[in-house]
Amino acid sequence: MSILVVAEHDNKNLKGATLNTLNAATQIGDEIHLLVAGHETNNVVEESQSLNGVTKIINVDNELYKNSLAEEVEKLVISIAADYSYILAPATTFGKNLMPRIAAKMDTQQISDIISVESSDTFKRPIYAGSCIATVKSSDEKKVITVRSTAFDAVEKTNSNIPVDTLSAIDACGVSEFVSEELAESDRPELTAAEIVISGGRGMQSGENFHLLDSIADKLGAAVGASRAAVDAGFVPNDYQVGQTGKIVAPDLYIAVGISGAIQHLAGMKDSKVIVAINKDEDAPIFQVADYGLVADLFNALPELDSKL
Amino acid sequence: MKILVPIKRVVDYNVKVRPLADNSDVDLNNVKMSVNPFCEIALEEAVRIKESGKATEVIAITVGKTESQEQLRTALALGADRAILVESDTLLEPLALAKTLAKVVNEENPDLIILGKQAIDGDNNQTGQMLASLLDLPQATNASELIIEDGSVAVTREIDGGLQTLKLSVPAIVTTDLRLNEPRYASLPNIMKAKKKELKVISLNDLGVDSSPRTEILKVELPEARAAGVMVETVDELVDKLKNEAKVIS
């Protein structure tokens, strides 16, 4: 029962979701190979050699894989897929983009976004924006799975010198071409990795007012997020979005400010350990999931909170 | 340029879905059904490309039961030129759906296929990528901008850290994210006109697709409810609770 985990990384460091995915893999079996496909990946390989649970690293270092184009990585994974019973990747935009291509080539019905491993062929996953949890049994001989990172702890990095197999790149498909990338730069932690997240909703009224959150975030070492309503209103860019169609987060503390709490937003944050809601509407559904609720005008409450931290 | 837009009939966005009493599946009795919101965005994009003069035909297609004709009529009212229903008694899994769509693509030979990134029922986010894989076509998922160029399309994608732009040779497959466009509403005259547009029905059996399910739903249940919280009266009380009770800030 060999398992292949496709690592997500930026050619410098592993992305945290890879570590959560490895944890899910350890619950399925114990022969776990990590594929690191990219360009100038020395650092990533070195970091991977310390990961608990990994028995072998497969490194393919070639410019062809620099930008993780789905067509090229699919072809690479398919070239080694015969050796594996399971292929896993994180359910991030990276894994969501890539894995269905692999599953279709293998004639396998992928299981997306698992939140628990019940047995070798049975998994739980959220459906209808997390309104329900389905327990799904797969009858496919080989399984292709994406893993919701917030549902599994990260594996630790106390291993050393895991063996590395180096493979050559295979012929390019050459049908898609990377043009450019515009990555948000911030000194704050990434939303999905932050221990504290403070998010604003439509109640923030404008993008400018998000500075009220920024200042608190800086004091707490928090990431700043937003509801879909705030993104749709143009207050902040889409990479702030927490929710079913944005990022799924589960920090130690989530502070929702001026967010009503639509099911689509709750789907992205309700696994947070402690939830605080600040909203002037006492009937807002967000209060139903909050551990601490404060009915207040955010334009009074935020400056006060800022001054008391 | 010919554009194919696969759409899906799903439970309306505003319906709160619950499990059946015996937990065998979700309860879909007497709930409102609609076009999946991401599919509406896909259709809107296709219609806008046609309106800009860069496409000649927009075809909407769905795979589903007879009732799915309602959603195809909506698509026709929103600007699709014709529609195809591949009739199936059961709801297909994404892999079988992609295989079915691949058969139709091979008949219709569209230059561009635009789909929603996911349907809001199963939340699988698979069909577009699977279709691309089966047809060995390039893909751009989670599109927030789509520019038609000569022999290619430039697509800006929403990825976890920001935006990425790819250039794909055509034919190509694009899946839509929320900010690609804001879909229009169907006007009454267009709803009337849609009734006269072509809606072809073909049987899934005639396409020779293996649609047997590969997964079985053993149980559908509500997620674990969070324990009830407390309301605080002041910011001071909130800070105190976070420091001394929850111990999440210092």
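A residue is buried if 20 or more other C-beta atoms lie within 10 Å of its own, exposed if 12 or fewer, and partly exposed in between, with C-beta atoms placed from the backbone. The model is predicted, so local features need pLDDT of at least 70 and side-chain atom pairs count only at pLDDT 80 or more, while totals for chains, interfaces and linings use all residues. Residues are numbered from 1 along each chain as its sequence is written, and chains are lettered from A and ligands numbered from 1 in the order in which they are written.

**Exercise 1. Describe chain B as a whole.**

Start with burial: 46% of the 250 residues in chain B are buried. Next, count the elements, taking helices (H or I, at least four residues) and strands (E, at least two) as DSSP runs numbered from the N terminus. Chain B has seven helices and 13 strands. Finally, its C-alpha trace spans about 65 × 45 × 40 Å along the principal axes.

**Exercise 2. Work out which parts of chain B meet chain A.**

Two residues are in contact if their C-beta atoms, placed from the backbone, lie within 7 Å. On that basis, 61 residues of chain B are in contact with 65 residues of chain A. Strand 9 of chain B gives the most to the side of chain B that touches chain A, namely eight residues. Now sort that side by class: it has 30 nonpolar, 16 polar and 15 charged residues. Here Ala, Val, Leu, Ile, Met, Phe, Trp, Tyr, Cys and Pro count as nonpolar, Asp, Glu, Lys and Arg as charged, and the others, Gly among them, as polar.

**Exercise 3. Trace the strand pairing that crosses between the chains.**

Two strands pair if DSSP finds at least two bridges between them. Take strand 8 (residues 132-138) of chain A: over six bridges it pairs with strand 12 of chain B in the antiparallel sense. One bridge links Ser138(A) to Thr215(B).

Then turn to the open sheet of six strands, whose order is 13(A)-12(A)-14(A)-15(A)-16(A)-13(B), with parallel pairing. Strand 13 (223-226) of chain A and strand 13 of chain B stand at the edges with a single partner strand each, so one side of each is left without a neighbour in the sheet. From one strand to the next, the twist averages 20°. Angles run from 0 to 180 degrees between N-to-C directions, and axes are lines fitted to C-alpha atoms, for helices over the stretch in contact.

Within this sheet, strand 12 (residues 196-200) of chain A pairs with strand 13 of chain A over four bridges, and Val197(A) stands opposite Ala223(A). Helix 5 (residues 211-220) of chain A packs on the sheet, and its direction makes about 175° with that of strand 12 of chain A.

**Exercise 4. Find the two sides of helix 7 of chain B.**

First list the buried residues: Val235(B), Leu238(B) and Leu242(B). An α-helix has 3.6 residues a turn, so residues three or four places apart point the same way. On the other side, Asp236(B), Asn244(B) and Glu245(B) are exposed.

What covers the buried residues? The cover includes strand 15 (274-279), strand 16 (292-295) and helix 8 (298-308) of chain A together with strand 13 of chain B. After helix 7 of chain B comes Lys247(B), with a positive phi near 55°.
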